[in-house]
Amino acid sequence: MVGLRLSLKQRYSVLLCFAVGAIIVHFSRNRLAARRMSRVDGLRANSSQFTLGGEPFRILGGSIHYFRVPRAYWEDRLLKMKACGLNTLTTYVPWNLHEPERGVFDFEDQLDLEAYLRLAGRLGLWVILRPGPYICGEWDLGGLPSWLLRDPDMKLRTTYPSFTDAVDSFFNQVIKRVVPLQYSEGGPIIAVQVENEYGSYAKDGEYMPFIKEALLSRGVTELLLTSDNKEGLQRGGVKGALETINFQRLNPNDIKYLDGIQPQKPKMVMEFWSGWFDLWGELHHVFPAEDMVAVVTEILRLDMSINLYMFHGGTNFGFMSGAFAVGMPAAKLMVTSYDYDAPLSEAGDYTTKYRLLRDVFSRYHAQPLPDPPSHRETTAYQPVVIQQHLSLWDSLHFTDKPLKSERPVNMENLPVNNNNGQSYGYTLYETPITSEGTLNSKNNVRDRALVFVGKHFVGVLDFDTQELAVPDGKGKRTLSLLVENCGRVNYGNTLDEQRKGLVGDIEFNKRPLRDFIIRSLEMKPAFVDSLCRSGHWASMRQQPTFPAFFQGKLHVSGSPKDTFIKLPGWSKGVVFVNGKNLGRYWSIGPQQTLYVPGPWLHRGDNQVVVFEEQETDGRIQFSGGGEYGMTVDVQ
């Protein structure tokens, strides 16, 4: 360079820096290469015992789903897992969250899968990845995105071209993110599961080979697994993948069967169900700690590997809880909490199960286990008094442009969200009537409709109630049906029939209704934010008209702590705190509280918005712990 002159000493310094830099780069490359060379031998299933890095290895696993736990708590939960004596994390990957609209992908913030897996590796945990595309998991449609159902001929979990094209597009995004995190690349992933419990579905013999090839062709090189219950083992496997079994009560004949179909292979319980899920209107399921630990102890005595499903369940935040099929179209609806009676509670607290398991797993370690992280404090804040309300009818101008349609249109086929349809929440159908009469749903309401005439509540249509009497009135009136998607079935043979809203004609006086105005009420953050910034709210001195939104302020004076919302004077609805959807509540129970993570609060005033369908006492109460209702032992 012109004007730049270096002394001999300066030149020597520059050359020395270059030389040292080259040595460091060379050393780093060699060390990385050596690390990869030393990791050629990943998890192997070549004999009756797993090996990892050429050494005998027993998988002591636990399931924690990153999408059910606030990101601020990922490390806390994983450290508690490691301190319990587990060595492997398992997690599903929810397609419907990562691709909410076709071709629109989200792997940021709460959905940063790579960050979660790297964190596990940094904390000394191995990973078994379960990328689906179907995950079950008591999750809406088993994790499949609802826009797939816009195709009237869709055949989910088969080689139907429209489905496999969508799977290819999703896998193109997710697999490229996890391939560099495989064991052979120096990462924590030691195995990858091919689909999930396909033996209980098994509609297409070419499907599992397709999913297996979709993983391999994108660079997955670690051990492949499948996961099924005893009955599913007969049809759920795929050549080249180790079959594993799922159960809660150990039946020696099931283990013999697994040994018989793949002799001289390691035996693993991929899902040992540590508790069970809950359904609205039923009791809270528990699996007694002593019973659970007895089964775990026996599994380990038989030299099997194990994965606790769940180790920590977390929460079905938002509208993501699934449903349990009890015949078509009826379903029982999953609650918001995914506490699961797991070793770590919904809020990540230690339980009797945790302490007993830690004692058991400590016997399988040569070194003392690390100390468990300190207990996180929860609190019961002072009640919030509702200050304002806004009726549903006054909120409609904040929704997208309504659709005018001669016939009802189901939620997924509405022209919203860039023509991806509506996935979750409520849909409002309105049409004129001119007389009294009988309204018949023809079993086409999915899942539950509040019925109004002239904005006056008439009754509810659902799976059980399919007829309502509509009273007489003067002249032309508006019949309104606010239809809620209460959660799509996540397991079984009815996945293709999980369209929501009005899925066919409804009749009034035995004639199909026509000329609808349809509004999507998905209650996304932007909608809730627009509501809160509007000047349309009324004081509680004025009698509210239901359904309605209610607003109050939770004041936090110190450092925010976890808490639980209780709504004993309310009926059914959804709660939003600082714009985040905590999930559904329903007075029929069993769940009595909604989990509020401390990191979602801040010092000062926190905005609480409740959408309530039918009644309120105007107060939001808080509890220092989760309350899940009367219990029943899992059978």
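Analyst: Exposed means over 50% relative accessible area, buried under 20%, and partly exposed in between (1.4 Å probe, protein chains only). This is a predicted model: local features need pLDDT of at least 70, side-chain atom pairs count only at pLDDT 80 or more, and totals for chains, interfaces and linings use all residues. Residues are numbered from 1 along each chain as its sequence is written, and side-chain values use heavy atoms, leaving out hydrogens and water.

User: Which residues of α7 are buried?

Analyst: An α-helix has 3.6 residues a turn, so residues three or four places apart point the same way. Now take α7, residues 252-261: Asp-254, Ile-255 and Leu-258 are buried. They span an arc of only 100° around the axis, so they sit on the same side of α7. The arc uses directions from the helix axis to the C-beta atoms. Helices (H or I, at least four residues) and strands (E, at least two) are DSSP runs, numbered from the N terminus.

User: What do the buried residues of α7 pack against?

Analyst: They pack against β8 (242-247) and β9 (268-273). Contact means heavy atoms within 4.5 Å.

User: How many salt bridges does the structure hold?

Analyst: Side chains of opposite charge can pair when their charged atoms come close. A salt bridge is a side-chain nitrogen of Lys or Arg within 4 Å of a carboxyl oxygen of Asp or Glu. The structure holds 28 of them. One joins Glu-412 to Arg-488, with closest N and O atoms 2.7 Å apart. Glu-412 is in the loop between β16 (403-405) and β17 (426-433), and Arg-488 in the loop between β23 (477-484) and β24 (501-502), so the pair ties together parts 76 residues apart in sequence.

User: Is Glu-412 buried or exposed?

Analyst: Buried, at 0% relative accessible area. Arg-488 is buried too, also at 0%.

User: Which residue does Asp-447 meet in a salt bridge?

Analyst: Lys-500, at 2.6 Å from N to O. Asp-447 is in the loop between β19 (445-446) and β20 (448-453) and Lys-500 in the loop between β23 and β24, so this pair ties together parts 53 residues apart in sequence. Asp-447 is buried at 2%. Lys-500 is buried at 3%.
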